[in-house]
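Here's a quick briefing to read alongside the model. Have the sequence and the 3D view open as you go.

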Amino acid sequence: MVNNATPTEHLSAADAAMARHSVRSYLDTPVTDDELHALLELTGRAPSAFNLQPWRFVVVRDHAVKNALKDAAYGQTQVSDAPVVIAIYADMEDTMAHLGEVVHPDLTPEKRAGTIAMLEKNFGGMTPEARETWANAQANIALGYLLLIATSKGFDTSPMLGFQPDRVKTILDIPATATITALVALGRGDDDGFRSHRHAVERTTRVREILHG
């Protein structure tokens, strides 16, 4: 069903997880700068190995740009229909160039320098492609946070993986070396969409008992 939470009546994490589903038709209701800032600030609380936080976001409201993205996304109507589209991408090259920003500020200068050297050694030994694959896995954690937090705040979303990455990079001026994790349509839904259909826990989980003796 359409998300009925209001800006002052937020859903709990558990209720948001049960309520979230993709919506592809949206009302022409603006999403304010303050709402977007709060949403992305909370999304940035997602866990990240080594605290590298390699995810980046591009917020798109402009109709012409959304129409160009729609064309690059094989005509998916929610791209132009939603008031906001957020492109999430992983940029490990930018992360590596600014390691001082992710090292904890409370460390001593010696420990800070040692941590940066360790990160440069660990990731500098990877190919650029391997670094981006690693970073994209981290960005997917942020994607999950974004979808859940958006639902908790009364928004509907539709995450999309069907698009032409090179065209999206050109349209949004995203670095060629980056990996686009997803496009996310965001706003207030204009229809119920399909109800969520998920496997039961028993279908996806095995419990391994510890054997003794």
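What share of the contacts in the chain with a separation of 6 or more comes from residues 24 or more positions apart? Such residues account for 80% of them, with contact meaning heavy atoms within 4.5 Å. Bear in mind that this is a predicted model, where local features need pLDDT of at least 70 and side-chain atom pairs count only at pLDDT 80 or more, while totals for chains, interfaces and linings use all residues. Residues are numbered from 1 along each chain as its sequence is written, and side-chain values use heavy atoms, with hydrogens and water left out.

**Overall layout**

- The chain has 9 helices and 4 strands; these are DSSP runs numbered from the N terminus, helices being H or I with at least four residues and strands E with at least two.
- Going along the sequence, you get the pattern α-α-β-α-α-β-α-α-α-β-α-β-α.
- Along the principal axes, the C-alpha atoms fill a box of roughly 60 × 55 × 35 Å.
- Of the 213 residues, 38% count as buried; buried is under 20% relative accessible area, exposed is over 50% and partly exposed is in between, with a 1.4 Å probe and protein chains only.
- The accessible surface comes to about 12400 Å², and 55% of that belongs to carbon and sulfur atoms; the areas are from the Shrake-Rupley method with a 1.4 Å probe.

**Nonpolar cores**

- The largest nonpolar core has 29 residues, and Leu-52, Ile-86, Ile-88, Leu-146 and Leu-186 touch the most other members. A core here is a set of buried Ala, Val, Leu, Ile, Met, Phe, Trp, Tyr and Cys residues joined through side-chain atoms within 4.5 Å.
- At least two residues of this core come from each of α2 (33-43), β2 (84-90), α5 (92-97), α6 (109-124), α7 and β4 (179-187).
- The largest share, 8 residues, is from α7.
- Leaving aside neighbours within four places in sequence, Leu-186 is in contact with a list of residues including Tyr-26, Val-31, Leu-39, Ile-86, Ala-150 and Phe-155.
- There's also a second, separate core of 21 residues, with Val-60, Met-160, Ile-174 and Ala-178 among them.

**Largest pocket**

- About 290 Å³ of space lies in the largest pocket. On a 1 Å grid over the protein atoms alone, a pocket is an open set of points where a 1.4 Å probe fits, with protein on both sides within 12 Å along at least five of seven lines; lining residues have an atom within 4 Å of a point.
- The lining is made up of Ala-16, Ala-17, Met-18, Arg-20, Gly-144, Leu-147, Leu-148, Ser-196, His-197 and Arg-198.
- α1 (13-19) and α7 (128-152) each supply at least two of the lining residues.
- By type, the lining divides into 5 nonpolar, 3 polar and 2 charged residues, where Gly counts as polar.

**Backbone spots to look at**

- Most residues other than glycine have a negative phi.
- Phe-50 isn't a glycine, yet has a positive phi of about 60°. Phe-50 sits in the loop between α2 and β1 (55-60) and, at 45% relative accessibility, counts as partly exposed.
- Asp-173 also has a positive phi, near 55°. You'll find Asp-173 in the loop between α8 (165-172) and β4, and at 70% relative accessibility this residue counts as exposed.
- Pro-165 is found in helix α8 and is partly exposed at 41% relative accessibility.
- Pro-165 and Ala-182 are 17 residues apart in sequence and 9.6 Å apart in space, C-alpha to C-alpha.

Terms used:
Grid points are joined across faces, edges and corners, and a volume is the space filled by probe spheres set on the points.
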